[in-house]
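Here is a short report on salt bridges and on a contact between domains. Read it with the structure open.

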Amino acid sequence: MSSPASTPGGRKRGRNTNPSTRKFICFSVSLLSKNPESRRGGWSPLRLDMSSPLMYGTPSSRVEGTPRSGVRGTPARQRPDLGSVRKAPQVDLHSDPPRADGASDSNTGQRLVIWGTDVNVGTCKEKFQRFLQRFTDPTSTEDENAGLDLNEPLYMQKLEEISVVGDPVMNVNCLHVQSFDAELYRQLVSYPQEVIPTFDMAVNELFFERFPDSILEYQIQVRPYNALKTKNMRNLNPEDIDQLITISGMVIRTSQLIPEMQEAFFQCQVCAYSTRVEVDRGRIAEPAVCRNCNTTHSLALVHNRSAFSDKQMVKIQESPEDMPAGQTPHTTIVYAHNDLVDKVQPGDRVNITGIYRAVPMRVNPLQSNVKSVYKTHIDAIHFRKTDQKRLHGLDEEAEQRLFTEDRVTTLKELAAKPDVYERLSSALAPSIYEHEDIKKGILLQLFGGTRKDFSQTGRGHFRAEVNILLCGDPGTSKSQLLQYVYNLVPRGQYTSGKGSSAVGLTAYVMKDPETRQLVLQTGALVLSDNGICCIDEFDKMSDNTRSVLHEVMEQQTLSIAKAGIICQLNARTAVLAAANPVESQWNPKKTTIENIQLPHTLLSRFDLIFLMLDPQDEAYDRRLAHHLVSLYYQSEEQMEEEFLDMAVLKDYIAYARTYISPRLSEEASQALIEAYVDMRKIGSGRGMVSAYPRQLESLIRLAEAHAKVRFSEKVETIDVEEAKRLHREALKQSATDPRTGFVDISILTTGMSATARKRKEEVAQALKKLIQAKGKTPAMKYQQLLDDLRGQSETAITKELFDEALRALADEDYLTVTGKTVRLLA
Amino acid sequence: MPSTPDWINEPLAVVQGLFASSQNGPSSEWEAKAVEFFKDRLKEKDAHTWVPSLNDVPLHYLKPNSLVKFRCLIQDMFDPEFYMGVYETADPATKTKELRCGKYRDVTECGVRQQVDYNSRNTVTAERQTFYCVPIPGENAWVKDSYAGSSQARVVPSTSYAPSRQKRSYEEDDEGDDMDTQPQKQREPHSGQYQHGNGDCKRLETEAPSSQVGSASHLDLNFPLPGEKGPSCLVKVYEDWDSFKLNDTLEVYGILSVSPALSALADEKDASSSFLDPSESMETAEEQRVHSPPASLVPRLHMLYAKMLRHNNPLLPSVPLEDNSACKEELLSSTLRDMPSVRTELLSFFTHVLLGDALAAEYLILHLISTVYSRRDVLPLGKFTLNLSGCPTAASFTERLYRIIQQLVPSSFYLGMSLQNMNRMRLVPKKDYVANRLVSGVLQLASNTSLFLDETQLEPGQLDPTGVSNVTALGNLISWQKVDYDFNYHQMEFSCSINVLIASEGRSLLPSDCQVHLQSQVPPPHMEDYMSSIPLTAQLNKLRLYLSVARLLDYSISDEVTKSVEDDFVDMRKDDPQSVSADDLHRMLVVARLLSLSLGQTSLSRDSWHRAKHMEELRRSRVEQHKSVNGNEP
C-alpha cells in the first residue's frame, strides 16, 4: 500500500487548496451583509471552501495541551461526520475594512462570526444552553421520552440520563429547537458543521457544570434529527449541499468497515523526531523537512501510531411510497462514522439526518481536462429506523402522513357534506358497476373501527379491523375489486389462495445467504399489518393454510415457532377475501356454507359476507350495459370529473385512520343493545338463534367505521342504523336459509340452518324406525337401506342426508357403518 | 443536397456563443434560448433527416461533439448528478481567467496550461439526470432499414476513425439503395486507404461489428431481449426529467460525447491509487463498469431535445414536429379512405396465412391494432390478447406465422414457451443492487410491441420456481397489462401495453381475452407450399401503414348506438342469462371498437356492432366444439 502521505505534487496543485483562502475574506464579509437565504440560489465551491470543516480548539479536536477546566480532561472524540478537523479563523466583522452594515446589528463590542457564516459562537452557545435548560414539551408523544417528566425541561433530564447511563450521545429534535428559537434552527440547518460543534461545546460545559463528578468515555456529542427539511430523495438539489437534511429511505447495501485515517504519525528516520499531521480534506500533507534535524524527506509514516476512525458506506434507496409511477427509485450514498457504523442493515427503513456533500471528482494530474461531475453523499449524523417497532407496539409516528393545511381543509369540507358516505363509496372502484352495499362495506373496512386496548385490565386487544368475504359467481369482478383495494391502501397485500402456502401467508425462517444467520421472513399477513390483506380464490386455499387465518382474524396476532425462533407477531390486518362457489355457479337452493364449502369457524370471523350474484333482471342489465359502454368511449378527463380522485380518497382514509377515533355515545350504545336484542329475538320465536356476541362486536366496529367516515369523534345513532342496515343486507344475502327464506345466523356459526338440523333429526328418526321395523337383522346393505328409506319417505332424501342420518345414529351408539354394510349395535 | 450546417457539426459552439453573449448582456435565459434554437432548426423542412442517427451509423463514423439523434427506449434511470454548470479556468502563468459553460459536456475544457479553478466563486453547480437507453427492443429489420434509408445525413468520418464499413445490419440484401443515400465522400477515403487486399478489407468490414458485439457482451449492455444488437447510450437530461418514464420510447437529439477521458477515469481505478479519497471507495467495480462504461462502447448523449415516439413506424410521419401537420393530415385522410380496401387485402392475406380460416384472420387483424388506450382504476381498457388455439405443430407453422407478423409490425418478439425457456429466461426485470442497475428482462418492452408466445413448444415436465414466477408474470401481463419489477425488497408495478398473441394447440394455460380455434382448410401435407408466399415490399408497406394508423385513430360511440347496444344486451340476457355475462359484453365492446377502427370508422355504427356480435357468436360456437381438448378449461 502506498503511503497516503505521498500526495503527488501535481494533484495538490490541482486541488489548489490554500493560497486562495486568504483572498476571500473580504468577500465573505460582504456576503454576510446579504440575507443568507438569498445566497441559496446557486451553490459554488466557494461555500464549500468557506464553510468547510471548522473547529475551534475545543471541544472535539484532540486534547493536546491542558484540558478545559469544565470538561475535566474527558477526551473529545473526533467527529468525522462533520468533516475533518481544521482550524479556521473567526472573523471580526468590525475590524475588517469593508464594513458590513446589515449583519453586525446592534451588539455591543466585538462580534465574532465564524468565517463564511453568520454564526457567532458565543451567542449560539448561549442560546443552545438556554434551550437545553428551558425547553419543555408537555405534549410529547415520542417513545424516547417515555418515563421522563414532560413538564420539566426535557433535555436536562436527558443529561441526567447520560450521567447515569454513561452514553455520551445527546439526540436533539430539530423541531424542538425550531419552536424554541427559529433563528438558532436556521443556523443549525444552514451551517451544521459550524453550529453542531458549538452545540457540543455548550452541552459539555453544561453537563460538567451539573455533574462535575461523572466520568464519560468521551465528551458528549449532539446529534440533531428530524430537521424540518425532511426531504424526499428526489427533491435534493444543489441548494442543499452542506446543509442539514433529513431524508427517508430504505437501506439496500452496507459496505464493510473502512478505517479512515484521521491523524498521521510521522517519524524521522534520522533523529527519530516524531510529528503528527491531521487530515485536511481527505489529504495528509507529508512534512518534507524534519523540524528537529533539518534533514529533507526523512519522515516516514508509522501506521500503528496513526489515528483511524471507522467509516461505513451505506446505500439507501427511496421508499416505494415516495415514488412517482413509472420511474425507478433513486439511491444515495451515506457515510456512517464511528458508532453509527453497523447501526442499520439492508432492508431497514430509516430516516437519516446528515449533511449533504458534493465532492469534485478526483483530479488526474496528467490531464488538464477533467470530468465535470461531482460525487454526492450524505455524512450521517443520526439514524432513525422507522420500522423498528413493527414487532411490538404501534408505530404511530411512522403512520402519520403529513397533510398540508389546504388538504386538511378540503378533506374537512368533504366530510361536512351530508352525502359523504355515498360519495366515497361510489368513488371506490368506479369501473365496477353497482354493488353499492358491497362497496359501502369495503369502505367501512378501509376505515376500520376504533382500536381499543384493554390489555392493562387483562382483557387484551379487541379487534378493530373489519373482515369481509365476497363470494359469488365467477366473472362478477371480485378480483377487480380486490385489485383496486390493494392498490388503494398503503399497506395492502394481494395473494391468491391457489398460489399461497401457510408459510407464504405467515412467516418463515430462512438462512441469509450472506451472513448465514437465521432470519425471519414475513409473509403477506404480517406485511399487511395495519393494512388490508386481499386474498383471492379463498376457496382454493388448502385447509392447512386456512387454519392459520383463525388466529389472525380474531386475535390479530401470529404465533411462530420455527427453527428456534418463537415469537408472536402482530398481524392487525383486515382480510378481504373472495371465493367462488364450489359448483362454479352459485346454487340458490343451497346455503352459503354449502356453496363455498368453507369451515364455519372461519366464516363466523367475517363481519360481512357478501354475495356477488348476477342479479339477472332487465333494469340492472340495462344500467350495466350503459355503464360498460360508457367506459369504452369516454375520455379519461371525463371520467376524472365524475368521480372523486383516488388520491383524495387515499388521503381521506389516511386522515380518518390517523386522527379520528370515535367513541360510543350513550344513545348509540342503547341503539346497539336494542339492535342486538332484536336480532336475537327474530330467531328465538322459531327456536333459532340469529345472533351471537361476535355479531354485536361486528356491529360496533361497523358503527365506529361509519362515524370515522363522517370525521365524527362520536358514534351516534345514525352510525348504528347504517351498521345495522349493512349487516342485515349482508346477512340477508349470505345467511338466508334457502328452505325457509329466513335469516338464520346459525348457518354461519354451525354450518347448518336450524331447519336443516331439524330435518336431519327427522330423517334419523325415520331411519331408526325403519331399521327397527326390519326386526332382528344385525347387518344390512347400505344401498338397500337407502332405497328402502327413499321408498318410505315422502320427501326426497339425498345421499348426503342419509349419510348424516347414519352418522347421527352412529353417534347414539345405535349402529356402526363399515364399508357398505350397516351393523346394529347392542 | 445542402452541406451539413454548422449547428449539426458544432452544436457546442452555438451553445458557447449563446452563453458568452448572455454573460455580457442582462438576459439570463440563454439556456432556454439554446434549446429553442435547436428546436427551431429541427423544425425546418427535412432538417431532422440531416442529423445522423446512432441507430444506423456506427459510432466511429460520427464526429465527437456533433449533433446526433438516437431512437431508443429508456431502460434504466440512474441517480441525478451534479456538475459544473459554469466554471472558470485560470492560467497560472498569465493570471487570466475565463468563464466557461459546462452544460452539454462531460469533461471540462481548458486551454493549454490552463486549469479549472475549483474555488472560483463564479462556479455554478447544476443538476442533470442520466438515463440508460437502448435501441427499441424487438425493432424489426424493415423498420431499421427504412429509417436508415430516409436519412440524408452526411457522415464525414473523423480523421481517426477505424475503418470498418458497416452501417447497419450487414446481412441485409438491399445494400443497393442505401448506397445512394450515403454520400460519396465517405466511400472515397475509405477505398483509398485500403487499396491493399480488397478481400481482406471486405472481411474486415463484416467482422468488425461482430467483434464489437463480442466485446460488448462481456460488458453486458443490458438489452431486454436476447440477441439484440446496436449501441446503448447514456443520455444526460438537463430539464424536465420527471416527465420521462421508464420504457418510454424517444427520439433524442443531442450532442454526442465520446471523450476518452471518460473511460480513462474509469480505468484508472486500481486498488492502491487512492485509499483516502472518499469518492473512490463508494462504488464497487461492478457499479463503475455499469455507470461509467468506456465511451467507445456506450457513448454519452447530451440531450437538447427529445421527442416522444407514439409509434416507431417509419412509414408514418412522426407527430411532434408541428409544421408538417398539414401533410400528415393529408396522409391520414388518404389512408383513411384506403383503409377498407387495404383491410380486404390484409384479410385475404391473413386468411391465406391462417390456412384459409377467415374468422381467425379477422381476429388477428383486430389483435394487431389493439392497444391499451386508457386505464380505469386498475382495469386496462382496449387490450385484446388473442389465443390462437388449434395451431398445427407440423411444418413449423408458428414460426412462419411469426415471420409474417414480423414483416408487418414495427417491433415484435418471439418467445418459444419451451420448458427450458420458461425455467431459464429472465422475463421480469430485476434490480441489481451491487451494480446499482435494473437488469433487464424480456418483458421490458416498449408500448405496442407484439409478443408472440409459442405454446406449441411446451412439453410436459416440471416448472421450477423461476418457471412458475415467469408464467405468473406472463399471466399478470395479459390480465392487467402490468409487470411487477423485482426490486428485491419490494416489487414495483410498471404499466405497459404489449400485444400478446398466444399460439397453442389446445386452450392456452395463460389467460386471454379471446380464444379462436383455428380451422384449417388446407390438408397438412400441402401446408409448406401454401405458406411460402409473401407479398411484395410495396404491398407490405401499405399493410404496415394500415396497421399503425388504425391503432392511432380516435374512437367514440354515439348516444343512439349506446342505446341500441344496451337494448341488445338486455335482449340477449333475457333469452339466456347464463350465456352472456358482463365479461362478454366487455369483450364484444372491444371487438366492436377494433372492428370499427379496422374499417377506418372512428365511431361505432350499428352495422359494425352487429358484425362484431356475429363474429363473437361464430367464435363461441367454435370454441364450444373444441371444449375439453385439454385440462385448462375452467
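## A linked group in chain B

B:Asp584 and B:Arg620 form a salt bridge, with their closest N and O atoms 3.1 Å apart. A salt bridge here is a side-chain nitrogen of Lys or Arg within 4 Å of a carboxyl oxygen of Asp or Glu. The pair links distant parts of the chain: B:Asp584 sits in helix α20 (residues 582-598) of chain B and B:Arg620 in helix α21 of chain B, 36 residues apart. Helices are DSSP runs (H or I, at least four residues) and strands are too (E, at least two), numbered from the N terminus.

B:Asp584 counts as buried, at 10% relative accessibility. B:Arg620 is partly exposed, at 28%. Buried means under 20% relative accessible area, exposed over 50%, and partly exposed in between (1.4 Å probe, protein chains only). Salt bridges that share partners join B:Asp584, B:Arg587, B:Glu616, B:Arg619 and B:Arg620 into one network.

## About the model

This is a predicted model: local features need pLDDT of at least 70, side-chain atom pairs count only at pLDDT 80 or more, and totals for chains, interfaces and linings use all residues. Residues are numbered from 1 along each chain as its sequence is written, chains are lettered from A and ligands numbered from 1 in the order in which they are written, and side-chain values use heavy atoms, leaving out hydrogens and water.

B:Arg606 lies in helix α21 (residues 606-625) of chain B and B:Glu560 in helix α19 (residues 559-575) of chain B, so the pair ties together parts 46 residues apart in sequence. B:Arg606 is partly exposed, at 40%. B:Glu560 is exposed, at 54%.

In chain A, A:Arg186 forms a salt bridge with A:Glu183, at 2.9 Å between the closest N and O atoms. Both lie in helix α8 of chain A, three residues apart, about one turn of the helix. A:Arg186 is buried, at 18%. A:Glu183 is partly exposed, at 34%. The whole structure has 30 salt bridges over all chains.

Chain A is assigned domain 1 (111-225), domain 2 (243-385) and domain 3 (752-824). These bounds come from an automatic or database domain assignment. Domain 1 of chain A gives 14 residues to the contact and domain 2 of chain A gives 10. Contact means heavy atoms within 4.5 Å.

How many salt bridges are there between domain 1 of chain A and domain 2 of chain A? The count is one. A:Asp339 forms a salt bridge with A:Arg223, the closest N and O atoms being 3.0 Å apart.
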